[in-house]
Amino acid sequence: MALSPAQFNRFMFFKLPSAWWCGVRLKEIDTQKAITSVKHRWVNQNPFKSMFWAVQGMAAEFSTGALVIQEIRKSGKPVSMLVLNNKANFSKKATGRIQFVCNGGDKVSDAVTRTLSTGEGQTVWLEAVGTDRDGQVVSTFSFEWTLKLK
């Protein structure tokens with residue numbers, strides 16, 4: 001059974017409360033992509049009246065991590081996941097509602113399959129692109145996830 005955005009958001013409330021209080025929400029997830037959203041507000045702004053970079057990072061990471069969680073759950077096997085590295089690029093001031101899209105479903109599926117078939121740890125780089133309401137890219141995050149059998 002696939003997890004719904006509501007189930008992921010409930011998980012976030014209990015396991016990632018700082019992201020939840022900052023307004024990070026999973027809006028959509030399927031086997032290929034995950035979309036998160038966060039709105040610029042007083043609680044998540046920086047002194048320059050735009051969204052704090054760490055809030056963007058939480059939303060971006062959650063879009064990649066949700067795909068990993070979903071694939072691990074689908075496998076039914078005990079697989080651990082952890083971010084090993086990340087990179088970020090900021091190209092525009094983040095104001096208003098920012099949406100992060102990760103289209104790495106195939107990469108995640110391949111990495112989980114390799115982990116289960118070889119028994120060896122795997123890494124996978126996933127990218128989340130953040131855009132504003134006009135469709136302009138405000139930031140791009142890449143996360144290297146490690147996957148290992150427990």
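The legends below describe close-up views of a predicted model.

**View 1. Tryptophan 20 and tryptophan 21 as an edge-to-face pair.** A search of the whole structure finds eight aromatic pairs, among them the one formed by tryptophan 20 and tryptophan 21, whose ring centres lie 5.0 Å apart with 90 degrees between the planes. Tryptophan 20, at 22% relative accessibility, counts as partly exposed, whereas tryptophan 21, at 56%, counts as exposed. Both tryptophans also belong to one aromatic cluster, which they form together with Phe13 and Phe14.

**View 2. Phenylalanine 141 and phenylalanine 143 as a stacked pair.** The ring centres of phenylalanine 141 and phenylalanine 143 are 6.0 Å apart and the planes meet at 5 degrees, so the pair is classed as stacked, because planes under 30 degrees apart fall into that class. Phenylalanine 141 is buried, with a relative accessible area of 2%, and phenylalanine 143 is likewise buried, with a value of 4%.

**View 3. Lysine 87 over the ring of tryptophan 125.** In this view the charged end of lysine 87 sits over the ring of tryptophan 125, at a distance of 4.8 Å from the ring centre.

**View 4. The largest pocket and the residues that line it.** The volume of the largest pocket is about 220 Å³. Its lining consists of 14 residues, of which Leu16, Met58, Glu61, Phe62 and Trp145 are the closest to the pocket centre. Two helices, α1 (5–15) and α3 (53–75), each supply at least two residues of this lining, and the largest share, six residues, comes from α3. Sorted by class, the lining of the largest pocket has 11 nonpolar residues, one polar residue and two charged residues.

**View 5. Cysteine 22 and cysteine 102, two buried residues.** Cysteine 22 has a relative accessible area of 12% and is therefore buried, since the class takes in values under 20%. Cysteine 102, at 0% relative accessibility, also counts as buried. With a disulfide taken as a pair of cysteine sulfur atoms within 2.5 Å, the count of disulfides in the model comes to zero.

Methods:
Residues numbered from 1 in each chain as written. Predicted model: local features only at pLDDT ≥ 70, side-chain atom pairs only at ≥ 80, totals over all residues. Heavy atoms only, no water. Phe/Tyr/Trp six-rings, centres within 6.5 Å; stacked < 30°, edge-to-face > 60°. Buried < 20%, exposed > 50% of the residue type's maximum accessible area, 1.4 Å probe, protein only. Lys NZ or Arg CZ within 6 Å of the ring centre and 35° of its normal. 1 Å grid on protein atoms, 1.4 Å probe; cavity = no way out; pocket = protein on both sides within 12 Å on 5 of 7 lines; lining within 4 Å. Points joined across faces, edges and corners; volume = space filled by probe spheres on them. Helix = DSSP H or I, 4+ residues; strand = E, 2+ residues; numbered from the N terminus. Nonpolar A, V, L, I, M, F, W, Y, C, P; charged D, E, K, R; others polar.
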